[in-house]
Amino acid sequence: MQPIGPLMHEHRLIERLIVLMEAEAGRIEAGASPDSRLIDEAVDFFRYYADRCHHGKEEEILFAALAQKPLSDEERRILGELVAEHVRGRALVLAIHDANGRAVPGDPSRGAPLVRLMRELSGFYRTHIEKEDKRFFHPVMRHFAKDEMEAMLLAFDAVETRVFREKYAAVAESREGAASR
Ligand SMILES: [Fe+2]
Ligand SMILES: [Fe+2]
């Protein structure tokens with residue numbers, strides 16, 4: 001299997017969360033109070049699954065390996081764009097987290113920034129994923145031999161295990177902090 005197989009598979013799950021965010025943005029625009037819990041869960045997903053785990057695999061493994069290869073000018077340009085886009089995605093998720101904390105149930109004016117940010121994140125991910133799936137992942141696979149691809153797949157598993165542990169350590173720390181207050 002090529003390492004882009006699991007990455008593209010992960011894109012499909014990210015798209016499902018994007019659809020849920022778009023639906024939530026539409027609900028708020030129609031006058032409903034923001035569903036803070038749903039937005040919190042989405043923030044958690046985008047932080048740990050989409051960023052730490054998925055972007056972690058891309059940046060630490062695939063992109064790092066590609067940086068050592070004789071990429072075409074176009075490939076190197078897109079690689080730089082993808083890394084910069086990850087930074088923007090991270091900032092947007094943080095902004096959604098902050099705006100969710102400020103949203104007041106029953107006050108539609110406090111939902112407007114959330115709607116704007118959620119729509120921005122949705123547009124961002126759709127464009128980013130399309131760029132990776134349709135313009136980058138397939139052509140760059142020509143730079144790798146079969147054994148390099150297998151090593152990358154194993155390294156992906158290590159990222160996933162690490163992020164899983166980090167996530168639940170963070171849950172413990174946050175609960176311990178709350179208990180000691
Ligand atoms: Fe990416
Ligand atoms: Fe991706």
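Predicted model: local features only at pLDDT ≥ 70, side-chain atom pairs only at ≥ 80, totals over all residues.
First, the overall picture. The protein has 181 residues, and 20% of them count as buried. Its C-alpha atoms fill a box of roughly 55 × 40 × 25 Å along the principal axes. Now look at contacts between residues at least 6 apart in sequence: 82% of those join residues at least 24 apart.

Let's zoom in on helix H2, which covers residues 36–67, and helix H3, residues 73–102. At what angle do the axes of H2 and H3 cross? Roughly 160°, and the axes come within 10 Å. Anything over 145 degrees counts as roughly antiparallel, and that makes H2 roughly antiparallel to H3. The crossing of H2 past H3 is left-handed. If you want to find this contact on the screen, the H2 side includes Ile-39, Val-43, Phe-46 and Phe-63, and the H3 side includes Leu-79, Val-83, Val-93 and Ile-96. By class, the H2 and H3 contact has nine nonpolar, six polar and five charged residues.

H2 has another partner, helix H5, residues 146–180. Here the axes come within 9 Å and cross at roughly 150°. H2 and H5 are therefore roughly antiparallel to each other as well. What hand does the crossing of H2 past H5 have, left or right? This one is right-handed. On H2, the residues involved include Tyr-48, Cys-53, Ile-61 and Leu-62, and they sit in a contact with H5 residues that include Met-152, Phe-156, Val-159 and Val-163. The residues of this contact divide into ten nonpolar, one polar and seven charged.

Last stop, the inside. How many residues does the largest nonpolar core have? It has 17, and those with the most contacts inside it are Met-21, Ile-96, Ala-99, Leu-114, Leu-117, Met-118 and Leu-121. Helix H1 (4–29), H2, H3 and helix H4 (112–140) each supply at least two residues of this core. Which helix gives the most? That's H4, with five residues.

Let me finish on Ala-99. Setting aside its neighbours within four places in sequence, Ala-99 is in contact with Pro-113, Leu-114 and Leu-117.

How values were computed. Residues numbered from 1 in each chain as written. Chains lettered and ligands numbered in written order. Buried ≥ 20, exposed ≤ 12 C-beta atoms within 10 Å, placed from the backbone. Contact = placed C-beta atoms within 7 Å. Axes fitted to C-alpha atoms, helices over the stretch in contact; angles between N-to-C directions. Helix = DSSP H or I, 4+ residues; strand = E, 2+ residues; numbered from the N terminus. Parallel < 35°, antiparallel > 145°, perpendicular 65-115°, else oblique. Left-handed = near helix turned anticlockwise from the far one by under 90°. Nonpolar A, V, L, I, M, F, W, Y, C, P; charged D, E, K, R; others polar. Core = buried A, V, L, I, M, F, W, Y, C linked by C-beta atoms within 7 Å.
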